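Biologist: Hi! Could you walk me through this protein in plain words?
Modeller: Happy to, let's look at it together.

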Amino acid sequence: TTISIIPFLGFSFTRKSVEGFVPEERTIRGRFPEMKKENSSLMSFLLLLSLSFLASSKSHGNPASEMVNVLNQNRTAWKLGKLHESPGLGCIALQYAELCEGNCNVNNTLTCEPPEDDFTQVFAPNCGVELPTFGTITGHVLGCGTHYATPEASFSDILFRDNKSLLVLRNRSHTEVGVGMARLHKGTYFWCILFSDGGTNSSFSLEANGRGIKQRKGCYSGSTFSCSNAHMICMRLLNSFLCILLSINTLWVSFL
């Protein structure tokens, strides 16, 4: 009996008689091994991409609080005391940032100065800051950018690019800090950092047992609420999409 091998859809068959075909061995061949390698590479790529976005999402959970960490790292490097993170002052900083909407200059600087009364008559009530605890604001730094940048990049590239702003940060009279960040006019990101010499846990106190009033836009340091930011929503959706792709690819490779 003559034996011949007939390739069919990647499987090898032997013909021993005219009655039919008997499979000799079910080995994957042809394009299937290549497809498996390609899918394995794709799975690795998707896994790395997903992990990178998950890590990014984690660090961007509240960019304003992350900025406080960056500020304190810089101060401790200069042997200065760490600043207390004040949620009340942070919420006021967010209100200040929102007021600057539309005033971002081409060099990432902001030109806006709210009336003094706005701090106690507008900003504080909007945040739920108890007026008797409103302290003294000893300095501020403003900045903006047309795209999102990490707090570390924003620190060096937007907010503290010259000695003038660095001197504000390194002022020894500061005891607490509040940071606000919001994505506002045409997708531009606005930063506001406020400093105070108030007592820890006694100034800029928020109503409702420290929760204050939930803000509709952006993030502020020390907040008990999640950020109200389109950038964060996009990150979560992208993470979900990558996880779905990764699951489908894993099932496909297992099937092969």
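Modeller: Let's begin at S196, which sits in strand 7. Strands here are DSSP runs of E with at least two residues, helices are runs of H or I with at least four residues, and both are numbered from the N terminus.

Biologist: Before we go on, what kind of model is this?
Modeller: This is a predicted model, where local features need pLDDT of at least 70, side-chain atom pairs count only at pLDDT 80 or more, and totals for chains, interfaces and linings use all residues. Residues are numbered from 1 along each chain as its sequence is written, and side-chain values use heavy atoms, with hydrogens and water left out.

Biologist: Thanks! Is S196 buried or exposed?
Modeller: S196 counts as buried, because its relative accessibility is 0%. Buried means under 20% relative accessible area, exposed means over 50%, and partly exposed is in between, using a 1.4 Å probe and protein chains only.

Biologist: And which residues is S196 in contact with?
Modeller: Leaving aside neighbours within four places in sequence, S196 is in contact with L89, T136, T138, S173, H174, T175, E176 and F204. Contact means heavy atoms within 4.5 Å.

Biologist: F204 is on that list. Is F204 buried or exposed?
Modeller: F204 is buried, with 2% relative accessible area.

Biologist: What about S202?
Modeller: S202 is in the loop between strand 7 and helix 7. S202 counts as partly exposed, because its relative accessibility is 44%. S202 and F134 are 68 residues apart in sequence, yet their C-alpha atoms are 9.2 Å apart in space.

Biologist: Switching to rings: how many aromatic pairs are there?
Modeller: Searching the whole structure gives five aromatic pairs. In one of them, the ring centres of Y96 and F119 are 5.8 Å apart and the planes are at 75°, so this pair is edge-to-face.
Modeller: Rings of Phe, Tyr and Trp (its six-membered ring) pair if their centres lie within 6.5 Å; planes under 30 degrees apart count as stacked, over 60 as edge-to-face and the rest as tilted.

Biologist: Are Y96 and F119 buried or exposed?
Modeller: Both are buried. Ring pairs also join Y96, F119 and F123 into a cluster.

Biologist: Now helix 5: which residues are buried there?
Modeller: In helix 5, the buried residues are P151, S154, F155, I158 and L159. They line one face of the helix, because they fall within an arc of 120° seen down its axis. The arc is that of the directions from the helix axis to the C-beta atoms.

Biologist: What do they pack against?
Modeller: The buried residues of helix 5 pack against helix 2 (63–77), strand 5, helix 6 and strand 7.

Biologist: Helix 6, then. Where is L169?
Modeller: L169 is in helix 6. L169 is buried, with a relative accessible area of 0%. Not counting residues up to four places away in sequence, L169 touches L71, N74, R75, F155, F160, H174 and F195. L169 and N72 are 97 residues apart in sequence and 9.3 Å apart in space, C-alpha to C-alpha.

Biologist: On to pockets. What is the volume of the largest pocket?
Modeller: The largest pocket has a volume of about 330 Å³. On a 1 Å grid over the protein atoms alone, a pocket is an open set of points with protein on both sides within 12 Å along at least five of seven lines, a cavity is a set where a 1.4 Å probe fits but cannot get out, and lining residues have an atom within 4 Å of a point. Grid points are joined across faces, edges and corners, and a volume is the space filled by probe spheres set on the points.

Biologist: Which elements supply the lining of the largest pocket?
Modeller: Strand 5 (137–145), helix 5 (151–159) and helix 6 (163–169) each supply at least two residues. The lining includes H140, I158 and K164. By class, the lining has six nonpolar, three polar and three charged residues. Here Ala, Val, Leu, Ile, Met, Phe, Trp, Tyr, Cys and Pro count as nonpolar, Asp, Glu, Lys and Arg as charged, and the others, Gly among them, as polar.

Biologist: And how many cavities of 30 Å³ or more are there?
Modeller: The search of the whole structure finds one. The largest cavity has a volume of about 60 Å³, and its lining has four nonpolar, five polar and one charged residues.

Biologist: Last one: how many helices and strands does the protein have?
Modeller: The protein has eight helices and eight strands, and buried residues make up 41% of its 256 residues.
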